[in-house]
Amino acid sequence: MKMLEAKGVTIRFGGLVAINNVDLDLEQGEILAIIGPNGAGKTTLFNLLTGIYMPTAGTIKFRGEVINKLKPHQRVKKGISRTFQNIRLFHSLTVLENVIVGQGGWTKEGIFGGLFMSKSVKNERANALKKCLDILEFVGLENKLEEFATSLPYGEQRLLEIARALASESDLILLDEPAAGMNSIEKEKLKALINRIRTEMSKTILLIEHDMKVIMDISDRIVVLDHGEQIAQGKPEEIRTNHKVIEAYLGREENEDE
C-alpha cells in the first residue's frame, strides 16, 4: 500500500485552474521532491495534501484512506505534518515552547488532569518535554532553548519549523522550501539532516525546493509541475536530462509570483 496517493487532483479558483489532474504517489521511507518554476502550483498542491484547500476533483488517500474532506488538524492526527514556504513560528514563544506546541493534541491529560496534576499527568508532561528536547538536539538547536524564535538566524528558524513538525510524531513530513535563505554550509547540513530524518526517525518526506543541487542530492524521485500540470516524474538523473523540464524550469528565468 502506498503511504500517499493523489489521483486526478484538480482545484479551481473561479475560472483559474491552479492544479489540473495531478497524480502522485509516495512510498513509505521515500524522499519525493516537487519542482517547477514559480507559479507552477507547488505550494497549492501542498495545501491540498494538508487540508488547507479541498480539491475540486480527484482523490487524495493516506494509507489507503480518502482524506479529501479532512481538516489540517485532522490530517496531523492521521500522521501528516508540514513546514511553510513563509516561516510561521510563534515569535513570542521560545524555541522550546514552539516545539512543545507542535506536540499539540497528543497529550491526554484533559481539563481535570491539568487541574489536579496527578502522577500520570506529571509523567506524561515529563515524557513530552524529553521528546521535545531530544528533537531539538537532533536538529542542532539544543543550545537555543530559551531564545525567542525571532532571535534565531533565518536558517535556524527553518530548522525550528522542521523540529516543530517532527514533534507532532507524524510519519509523513512535508517540507516547503526548507533550504530557502540558507548559505552553502547550512544547505549541506540540511541535506544531512533530511537524510537522518528518513533513516534514523523512519520518516517519509515530500519536499518543494528550488535549489537543484539539494534536490538532486537527496531525492529518490522528482515530480515536475508547470502551470499547475504535471509534466514529468522520475529519478533525478532522468529529470536532469528531460527536455520538457529543461524548457519549463531549468532553462528559463523564474517568475516571482509563487
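This is a short tour of a predicted model, stop by stop.

Local features need pLDDT of at least 70 and side-chain atom pairs count only at pLDDT 80 or more, while totals for chains, interfaces and linings use all residues. Residues are numbered from 1 along each chain as its sequence is written, and side-chain values use heavy atoms, with hydrogens and water left out.

**Stop 1: the sheet.** Select S2, S1, S4 and S5. They form an open sheet in that order, with antiparallel pairing. Strands are DSSP runs of E, at least two residues, and helices are runs of H or I, at least four, both numbered from the N terminus. Two strands pair if DSSP finds at least two bridges between them. S2 (16-26) and S5 (65-66) stand at the edges with a single partner strand each, so one side of each has no neighbour in the sheet. Now zoom in on S4 and S5, which pair over two bridges. Pick Lys 61; its bridge partner in S5 is Val 66.

**Stop 2: the aromatic pair.** Select Phe 13 and Tyr 53. The structure holds one aromatic pair. These two rings form it, edge-to-face, at 5.2 Å centre to centre and 70° between the planes. Rings of Phe, Tyr and Trp (its six-membered ring) pair if their centres lie within 6.5 Å; planes under 30 degrees apart are stacked, over 60 edge-to-face, the rest tilted. Phe 13 is in strand S1 (4-13) and Tyr 53 in the loop between H1 (42-49) and S4 (57-62), so the pair ties together parts 40 residues apart in sequence. Phe 13 is partly exposed at 38% relative accessibility, and Tyr 53 is partly exposed at 27%. Buried means under 20% relative accessible area, exposed over 50%, partly exposed in between (1.4 Å probe, protein chains only).

**Stop 3: the largest nonpolar core.** Select Ile 35, Leu 136, Leu 160, Leu 207, Ile 222 and Ile 239. Of the 43 residues in this core, they touch the most other members. A nonpolar core is a set of buried Ala, Val, Leu, Ile, Met, Phe, Trp, Tyr and Cys residues joined through side-chain atoms within 4.5 Å. Helix H6 (154-167) gives the most to the core, with seven residues. Another core lies apart, of 28 residues, including Leu 48 and Ile 208.

**Stop 4: helix H6.** Colour H6 by accessibility. 13 of its 14 residues are buried, so H6 is largely enclosed by the rest of the structure. After H6, click Glu 169: its phi is positive, near 65°.
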